[in-house]
Amino acid sequence: MNYISQSVAKAFELIVSFEPDVYFIVWTSIKLALISALLATLAGVPLGLFLAIKNFKGKRIITTLLNTLMAVPTVVIGLLVYSFLTRHAPLGSLGLLFTPAAIIIGQFILACPIITAMVFSVTQGNNKHILKTAYGLGANNYQAIKTFLLEIKIPLLAAVMAGFGRVIGEVGVSMILGGNIYRVTRTMTTAIALETSKGEFALALALGFVLLLVALSVNAFVQYFSYRAEK
Amino acid sequence: MYKLKNLKRSYGEKIVFEGVNLTFEKGKIYALVGENGSGKTTLLETIAGFEPPQAGTISLAGQKISFCLQKPHLFSSSVESNIAYGLKIKKHSPDAKSVGSLNKKGTDTFSIGTKVNQIASLLGISHLLNKKANQLSGGEAQKVALARTFVLEKPLVLLDEPTANLDEESILVFEKLLIESKAKKSTIILATHQLDLAYRLADEVIKIEDGQAFAASYENFFSGIIVNNLFKISEHVSFVVAAEKRGSAKASIDPKEIIISKEPFTSSARNCLIARVSSIMDEGKTVKLTANCQGTKLVSQITHKSLDELGINVGHEVYLTFKTSCIKIF
């Protein structure tokens, strides 16, 4: 047990001493997760709205596919994207493999189904009523959608945060597509895996604590926002 | 004038309505009545353009509509913002030439706040203006929904069950609002379960049944004035009624409740009128007998056997007897 307490102490030392390597890894993780969650939001929100509002053939198939994608292991997504980005693959000439862009692509594929499915679920319920109310008071399409998004801001934020949560904590995509390259594509999760395999528990634990802190901050933010909105 | 021509709506195999032809005139109130699931809401939503009809046309001349939905959604902001929603949207709408155009009397500067305050005061919800909409009771929320619908002063107002959750006092305020809106030449189409409200307020009551829409009329439906428990239809014809209501009212008597006799008879019924039979119509198992009482026509429904036993024919003088409790006052 002694080595655990020693590792915890060292982890805090690494965090409070502003160790550049630690902060670079943390920043890379947050930056990539934020970008991919943002892109997934931009695609997922309109897609979720479209699926909920429009009736068309094949809608059930798409929703089933979305639910399946939500449960796909991250390494599988990593592997699939890898097969497109590797040197001899169709997109190999773009040279994206083992770059932050490759991680963003993979993480986007991870987060998008979650955000789409959550927006779809929120919109499908009684919330269709919001759009009808807005139209009934003279709103045009743009005004009605804007009103709708404002009305569902809390579940929408929860959907975005769920997407962010999925990507900040994933390891499969970052490892396979990023290659865990020092000061380039090393994220918190890949660094934790690497340091643990090297027996460097202190750095792994320090990054683990930061990851927990990020998750806690995200949830606290959503809770605070919900509380403010209800007040 | 707004016209619906051969309108059809269905959900999958189920036809909600078909071949609906209706005309709505400017400055009139129309009430849609019918059972649950008869298609009242679907018809209103089709008129509002939420979903296009599968067949038929809707001509709405400019489509300036405000719609108060059944179970309206209040936006998660203050009551004031909710009421002002439509006005603000109009102000920011790219096709709005001038907000002042709403005020036809001339003042260019149009205040959304003034309009909101006026309608809130009329509906007795001024004290709620700064409250959050999610803190309201069902009745208060309904009044806010009505306020934001009527504040827009649109030429066509659609109301789906507008009196749901409203107490009697609030219903009277709503009626006042409706009449004011009608005076401003708005056409109002309301769907309601409350037949008394429909017959009291509407210029025309439209019944939706089995996918068809048609004018619904009560037999023995009269307009009159209630004075000292007497419902006066004309100078010569009046009934004793058991209603607390005073002033203008409408009344109906179920034809089955009117007893026909050739001689007056002693009973607990407090109404007995002398009339002359003007028509007798065979209606299958029963007979519809219409009698004229000093210009007022009353219909009674009796069996063939009763008619034969009484030996009544067109032109005969008869006594029409009915209890006060069978007179429905609107």
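Close-up 1. Strand 13 and strand 19 (residues 327-329) of chain B run antiparallel and are joined by 3 bridges, where helices (H or I, at least four residues) and strands (E, at least two) are DSSP runs numbered from the N terminus, and two strands are said to pair if DSSP finds at least two bridges between them. Within this pairing, B:Ile253 has B:Ile327 of strand 19 as its bridge partner. Strand 13, which covers residues 247-253, is also joined by 6 bridges to strand 10 (residues 221-227) of chain B, again in the antiparallel sense. Here B:Ser223 is the residue that stands opposite B:Lys250 of strand 13.

The structure shown is a predicted model, in which local features need pLDDT of at least 70 and side-chain atom pairs count only at pLDDT 80 or more, while totals for chains, interfaces and linings use all residues. Residues are numbered from 1 along each chain as its sequence is written, and chains are lettered from A and ligands numbered from 1 in the order in which they are written.

**Close-up 2. An open sheet of chain B has 5 strands.** The strands of this sheet follow the order 14-18-15-16-17, and their pairing is antiparallel. Strand 14 (259-261) and strand 17 (296-303) of chain B stand at the edges with a single partner strand each, so one side of each has no neighbour in the sheet. From one strand to the next, the twist averages 45 degrees, with axes taken as lines fitted to C-alpha atoms (for helices, over the stretch in contact) and angles running from 0 to 180 degrees between N-to-C directions. Strand 15 (residues 271-283) and strand 18 (residues 317-322) of chain B run antiparallel and are joined by 6 bridges, and B:Leu273 stands opposite B:Leu320 in strand 18.

**Close-up 3. Strand 16 and strand 17 of chain B form a hairpin.** These two antiparallel strands, of which strand 16 spans residues 286-293, are joined by 8 bridges. B:Ala291 stands opposite B:Leu298 of strand 17. The hairpin has 2 residues between its strands, and B:Gln294 takes a positive phi near 50 degrees.

**Close-up 4. Helix 1 of chain B lies across strand 1, strand 2 and strand 4 of the chain.** These strands form an open sheet of 3 strands in the order 2-1-4, with antiparallel pairing. Strand 2 (14-24) and strand 4 (55-59) of chain B are the edge strands, each pairing on one side only, and the twist averages 25 degrees from one strand to the next. Strand 1 (residues 2-11) and strand 4 of chain B pair in the antiparallel sense over 4 bridges, and B:Lys5 stands opposite B:Thr57 in strand 4. Helix 1 (residues 40-48) of chain B runs at about 120 degrees to strand 1.

**Close-up 5. Helix 3 of chain B has buried residues along one face.** Which residues of helix 3 (residues 112-122) of chain B are buried? They are B:Val116, B:Ile119 and B:Ala120, where a residue counts as buried if 20 or more other C-beta atoms lie within 10 Å of its own, as exposed if 12 or fewer do, and as partly exposed in between, with C-beta atoms placed from the backbone. Seen down the axis of helix 3 of chain B, these buried residues fall within an arc of 100 degrees, so they line one face of the helix; the arc is that of the directions from the helix axis to the C-beta atoms. On the other side of helix 3, B:Thr114 and B:Ser121 are exposed. Just after helix 3, B:Gly124 takes a positive phi of about 70 degrees.

**Close-up 6. Chain B touches chain A through residues that include part of helix 2 of chain B.** The contact takes 16 residues from chain B and 14 residues from chain A, two residues being in contact if their C-beta atoms, placed from the backbone, lie within 7 Å. On the side of chain B that touches chain A, the elements giving two or more residues are strand 5 (65-68) and helix 2 (79-92) of chain B, and helix 2 gives the largest share, 4 residues. The residues on this side of chain B divide into 9 nonpolar, 5 polar and 2 charged, where Ala, Val, Leu, Ile, Met, Phe, Trp, Tyr, Cys and Pro count as nonpolar, Asp, Glu, Lys and Arg as charged, and the others, Gly among them, as polar.
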